[in-house]
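Visitor: Please pick one part of this model and take me through it closely. Then show me how it relates to the rest.

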Amino acid sequence: MSNQKKRNFQIEAFKHRVVVDPKYAEKTWSILEHAIHEIYNHNASGLSFEELYRNAYNMVLHKFGEKLYSGLVATMTAHLKEISKSIEAAQGDLFLEELNRKWNDHNKALQMIRDILMYMDRTYIPNTHKTPVHELGLNLWRDNVIHSSKIQSRLLSMLLELVHRERTGEVIDRGLMRNIIKMLMDLGSSVYQEDFEKPFLEVSAEFYMGESQKFIECCDCGDYLKKADLRLNEEIERVTHYLDVKSEVKITNVVEKEMIANHMMRLVHMENSGLVNMLLDDKYEDLGRMYNLFRRVPNGLSTIRDVMTSHLREIGKQLVTDAEKLRDPVEFVQRLLDEKDKYDSIISQAFSNDKTFQNALNSSFEYFINLNNRSPEFISLYVDDKLRKGLKGVSEEDVEIILDKVMMLFRYLQEKDVFEKYYKQHLAKRLLSGKTVSDDAERSLIVKLKTECGYQFTSKLEGMFTDMKTSQDTMQGFYASHPELTDGPTLVVQVLTTGSWPTQPSITCNLPAEMSALCEKFRSYYLGTHTGRRLSWQTNMGTADIKATFGKGQKHELNVSTYQMCVLMLFNNADRLSYKEVEQATGIPASDLKRCLQSMACVKGKNVLRKEPMSKDIGEDDAFFVNDKFTSKFYKVKIGTVVAQKESEPEKQETRQRVEEDRKPQIEAAIVRIMKSRRVLDHNNIIAEVTKQLQSRFLANPTEIKKRIESLIERDFLERDNNDRKLYRYLA
Amino acid sequence: MDQLDNDKKELVERFMYIAGEGEKVAIEYLNLCDWDVEASIDYFYDTPVLVDDALLEELYNRYKDPNIDMISVDGITLLCNDLEVDPQDIIMLVISWHMNASTMCEYSKMEFLQGLQELSVDTVEKFRDKISYIRSELNDENKFHDIYNFAFSWAKEKGQKSMALNTAIGMWRLLFAEKKCHLLDHWCQFLQTRHNKAISRDTWSQLLEFFNKVDTGLENYDAEGAWPYLIDEFVEYLNENGINHSKMVAH
């Protein structure tokens, strides 16, 4: 045997023998290309989806994806160029319709093409990071149709033209607009923005700039705002109908800026029709419209608020400094309340109860009410008037409403302690003359004051009510234990606890014999049951009812003050009395006596006395007689009244002085309180803290505080620090 | 001292200032130490000057009131004579300060003795010798501050909290006589026309601060500073009368 050659077995890779005929790719492609043509020519019905899909599939599978893709691009591009030309050829208004139609066609075609080429979409394209078919179709449309030089600008100007026409009142084809706009949106937000939205906003700005200029020249504020409102709503509506929803805020910003922001000041200050006029005339609708429009722009609301505030302060200031209006305190306060009501209404009806406006209202009122330092007195007089007669016949709920309004004014006062002083005086007069309309109303107000200011404010006031009640019981007890007195003159005594009632100097006068005996009986009765107390008669505060018979037999019942009674009773024993005799017999102080005599001798209808000479003033040498010819329509004649009145200048000064005096211990107490807890504190901080602590009662004067500090240093409550003279130290 | 030449005079003054002693004592010690100031001072401090209690007692008895155990007006007048000073001289205030006297025109025994102890004198000669030193204490700012505040309790009426206006004005003129205080006259005038009431301790002590701290032009017067109300009113008064305007213009 010969040498056998060893043969190496070469194992080769199994080669899948697929016949990939380059011509095959070409052939497949032309089938697909043809299909695309047919699709674009609306002949798709004759095609077999399954076959085409398979062809595309095969191409991709056999690595001819590139060819397929680029072929697609080329074919589609070519078609789109054709389409572009046909659109360009469209005339006038038909341009958009043609564009729309072709766009629809393209979309349908694209859909089908995408379906056919789905395998490529899913495999080849992701691998090669190429643009997917659908997107590709859109991009090609964009590049070849929309951005074609002949179409791009024409499209834009047509769209803008239509918007303009609609703005000028024409009716346009909104459906068409919507479709075109949607097309742009589908092509991508940058296309929508660059090819439509941006220019649209620019053109709109110009339009509204012109529009606003035109209107502002010829319209008044209210009308202008109506128009602005209309336009704004129109734009919003436009967006919902055929624009991208994201455009809404952009276009409304344009309108707001052009129509409102740019003309804000001019509108607000417009003569005869601006904000102030609207406020004065309660134009709720216009004001509401202004509010709603202005809130859309920066500083809109603050502009309204500022103008309202300065207007309010102005009229408020006029109101409180107008001497005419100040003559009747009750009317003055009523006007304040009316003004407040008016603005409350405006704020709730037109300014949607905006809290910042409410605050502006409050601060304005606080500002001007305190400009007049008689405000506390006047408010108390208003309350007095209401509680005395104004609330007669008013329902309980309405009473509460009025009292609440008074409380609201009270809160604005800086000098609440002045109010307290006057309120006390007026309340005392009401209680003592029995002239209060409703006990419940009185008590209700006290409760409100207590809630607002705390217990100390009202404890004395409540004491006054208690005294009244106690006095009633005392009188019952008195008459019960002295049955023999029921035939004589009836005595009604109000026993007032000194601390609770406003202080009055107690001047006694000489009472007629019948009365003084009775009063003595009462005194011993009272002191019998209340040892350790002292009673002093306040003859300047009492009243009396006396029956009088005049010369011709006329009988009248006279309601007089105690002083007046003393004078009249003298004439039971004398026909003629000189001034001096009267003065001596009654012991009434001169100024009071003169007033008393004047009220009985010189006032028509109340002249129960006759005076010689007949002058108005009371002279030392005058003589008095009973006026036998006195007549009156009424049986009961009221001569002396202790009604609360606006104080005269000197009285006012006195009251203010008392208030200032009362403040001193309060300031000192505050200083001591603060220093006790802080131990060491510097000057400026003490002033600040004291002011804060006292602010619910009054505004403390820094100079006064300083004086009090010095007084406390003097009395060794405080000392200055040795090293820092601005520092104070509490001395335990 | 006039017989000494200028160098020696200077040394004597230095010694007086440092040791707080009178001229005679100064010369004595300097002589002892050959006019070496340092040495004489050391020597001085090493040998404490003791006062003789017996001598002090003798001195007290010289001035004491015959009826009560204290020195009253007559005694003080005698003392002033001995010291060769006017009873109205401000130096009496400084001496009273050393004694911590509670009120003007009288010294208790305790006060007298303790005061002289502090001054280290037990004879009239020594006392007289120390007068110029005592007078110079007014120039020391701290001491002046103490003396000034002491003056309030001393010069006011016993038992009163505040000082009568006239007394206060008198004291101020006395205290500030050497100090060239521009505003003093205006202050006194202001008080007499506008205030006319007694002066509180706080106002008294704060006035010194005011004169020290605030320029005559009042430029650095701080209205928010915790100056007593009376001083605020004074500044207003000055402004109203245009008193400090000249200074303002120069600024």
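Guide: Let's take chain B. It has three stretches to keep in mind: domain 1 (6-46), domain 2 (53-139) and domain 3 (158-250). Remember throughout that this is a predicted model.

Start inside the chain, with domains 2 and 3. The C-alpha centres of domain 2 of chain B and domain 3 of chain B are 31 Å apart. Their contact draws 7 residues from domain 2 of chain B and 5 residues from domain 3 of chain B. How much area do the two bury between them? About 490 Å² is buried between domain 2 of chain B and domain 3 of chain B, and carbon and sulfur atoms account for 70% of it.

Now look for charges. Side chains of opposite charge can pair when their charged atoms come close. Across the interface of domain 2 of chain B and domain 3 of chain B, there is 1 salt bridge. Find Lys158(B) and Glu106(B): their side chains meet in a salt bridge, at 3.2 Å from N to O. The interface of these two domains of chain B also has 1 residue pair in polar contact, both at pLDDT 80 or more. Sort the residues on the domain 2 side of chain B by class, and you get 4 nonpolar, 2 polar and 1 charged.

The size of an interface is often given as the accessible area lost when the parts come together. For chain B and chain A, the buried area is about 1300 Å², with 43% of it from carbon and sulfur atoms. Together they supply 45% of the area that chain B buries against chain A, more than any other three residues.

Asp232(B) makes a salt bridge with Lys706(A), and the closest N and O atoms are 2.1 Å apart. The cut-off for a salt bridge is 4 Å, so this pair counts.

The interface of chain B and chain A has 9 residue pairs in polar contact, both at pLDDT 80 or more.

Now turn to the partner itself. Chain A is divided into five domains: domain 1 (23-145), domain 2 (150-278), domain 3 (303-467), domain 4 (543-638) and domain 5 (650-730). Take domains 1 and 2. Between domain 1 of chain A and domain 2 of chain A, the C-alpha centres are 39 Å apart. The contact uses 17 residues from domain 1 of chain A and 15 residues from domain 2 of chain A. About 1500 Å² is buried between these two domains of chain A, and carbon and sulfur atoms give 71% of that area.

Domain 1 of chain A and domain 2 of chain A have 1 salt bridge between them. Asp93(A) pairs with Arg165(A) in a salt bridge, with the closest N and O atoms 3.7 Å apart. These two domains of chain A also have 2 residue pairs in polar contact, both at pLDDT 80 or more. On the domain 1 side of chain A, helix H3 (65-89), helix H4 (94-116) and helix H6 (133-146) are the elements that give two or more residues. H4(A) gives the most, with 6 residues. By class, that side of domain 1 of chain A has 9 nonpolar, 4 polar and 4 charged residues.

An unreviewed UniProt entry places the annotation "domain: Cullin family profile" on residues 374-601 of chain A. Over residues 374-601 of chain A, the chain is 61% helix and 7% strand. The end C-alpha atoms of that stretch are 33 Å apart.

Last, zoom out. The structure holds 78 salt bridges over all chains. One more to find is Lys67(A) with Glu26(A), at 3.1 Å from N to O. Lys67(A) is in helix H3 of chain A and Glu26(A) is in helix H1 (residues 22-40) of chain A, so look for partners 41 residues apart that link distant parts of the chain.

Note on methods:
Residues numbered from 1 in each chain as written. Chains lettered and ligands numbered in written order. Heavy atoms only, no water. Buried area = accessible area lost by both parts, 1.4 Å probe. Polar contact = N/O pair within 3.5 Å; in protein donor to acceptor, adjacent residues only side chain to side chain. Domains from an automatic or database assignment. Contact = heavy atoms within 4.5 Å. Helix = DSSP H or I, 4+ residues; strand = E, 2+ residues; numbered from the N terminus. Nonpolar A, V, L, I, M, F, W, Y, C, P; charged D, E, K, R; others polar. UniProt positions renumbered as here; feature names shortened; annotations may be inferred.
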